[in-house]
Amino acid sequence: MGGLIRVLGGRAVQAVLVALLVGTACFLMVRLLPGDMAYRIAASRYGYDLVDGAAAEAVRQELGLDRPWPVQLGAWFGGLLRLDLGVSLASGEEVAEALGIQLGHTLLLSATALLFSLLIGPPLGALAGLRSGGWWDGALLVLSAALRALPAFLVGIGLMLWLAVEWEWLPVAGVGGWREVILPALTLALGLAAASSRVARDAVAGVVAAPFFGFARMKGLDDATAFRRHGVRNAAIPVVAYLGLQLVILIEGVVVVESLFAWPGIGHALVHAVLGRDIPMVQGTALLMGLLFVALNALTDLACWLLDPRRRAA
């Protein structure tokens, strides 16, 4: 238990560092973008056709954009200590309230994508690992390498053309019922499944080659029974551990996929906030994504600790 507490304590420290670094980095990067920040915010509010120099100057004075950078950044961190992420410069709504709505859509998309990837990748990898060196193993290697090499937006466009335009099975984009989440979730899931299938394949091949698995077969157990009783748990440990790395792909891919499919999550909000120079929204969205990554990694550590009795004993 002490080891688990140390790991979770380390994740808590990591969350604090993420808040400091993400908030500062986002503030500086948005500030250093070319163009007049006040003009872009005014354009987000009123439209480009109705914005002039006077409107931009009014926005600058209203939002205090003429204050020194350290003062503005310090004010944001002061609000963060009070759990206040500030107000959107473009829409005027509370950042925390807006993110609360968008987070639900992102969690739905991410959970669906992760479920699809677990249903596709590890089972196919396990089949290849049980018969390593065969034709299925080679075919899966080629397929997984191809999927990992393709960018998410290209996979998404291909699925749009194939499943939505050509066959008309699913809607192209938007949000509403369960059908709208399938295409973006599948786009994310294919990249995740390509990686997890290789990890599962190597883990299963290692279990099949282990002495304890050979001993189980010598006792008269068939391959399926021996693997179910003695192999699943051992093979699951590296697959679950690799989920922590997959979460990076998932969180990065959310930004691209949500924008591509017009899915109203935090990735889609981040893109619009950057375009509108909405610093509080950029900081809040990036901070939420960073903390989400830390929290999911903590859950991965917990799952590995529960699966592996050797870690608990240590």
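A pocket is an open set of grid points, on a 1 Å grid over the protein atoms alone, with protein on both sides within 12 Å along at least five of seven lines, and its lining residues have an atom within 4 Å of a point. In the predicted model described here, the largest pocket is lined by 22 residues. Of these, R67, W76, V87, L89 and P280 lie nearest the centre of the pocket. The space within the largest pocket amounts to about 370 Å³.

Three helices, α2 (37–46), α4 (69–81) and α12 (279–307), each supply at least two residues of the lining of this pocket. Helix α4 gives the most, with 5 residues.

A nonpolar surface patch of about 650 Å² is formed by L150, F153, L154, I157, L161, V165, V172 and V256. Helix α7 (residues 152–166) contributes the largest share of this patch, 5 residues. Another member of the patch, L150, is situated in the loop between α6 (135–149) and α7. L150 counts as partly exposed because its relative accessibility is 39%, a value between the limits of 20% and 50%.

A further leucine, L21, is located in helix α1 (residues 2–31). L21 has a relative accessible area of 62% and is therefore exposed, the cut-off for this class being over 50%. Along the chain, L21 and A241 are 220 residues apart, and their C-alpha atoms are separated by 26 Å.

Technical notes
Residues are numbered from 1 along each chain as its sequence is written. This is a predicted model: local features need pLDDT of at least 70, side-chain atom pairs count only at pLDDT 80 or more; totals for chains, interfaces and linings use all residues. Side-chain values use heavy atoms; hydrogens and water are left out. Patches are made of residues with over 30% relative accessible area and no salt bridge: like charges are joined within 9 Å, nonpolar side chains (Val, Leu, Ile, Met, Phe, Trp, Tyr) within 5 Å. Accessible areas come from the Shrake-Rupley method with a 1.4 Å probe; for residues, only the protein chains shown count as cover. A salt bridge is a side-chain nitrogen of Lys or Arg within 4 Å of a carboxyl oxygen of Asp or Glu. Helices (H or I, at least four residues) and strands (E, at least two) are DSSP runs, numbered from the N terminus. Buried means under 20% relative accessible area, exposed over 50%, partly exposed in between (1.4 Å probe, protein chains only). On a 1 Å grid over the protein atoms alone, a cavity is a set of points where a 1.4 Å probe fits but cannot get out, and a pocket is an open set with protein on both sides within 12 Å along at least five of seven lines; lining residues have an atom within 4 Å of a point. Grid points are joined across faces, edges and corners, and a volume is the space filled by probe spheres set on the points.
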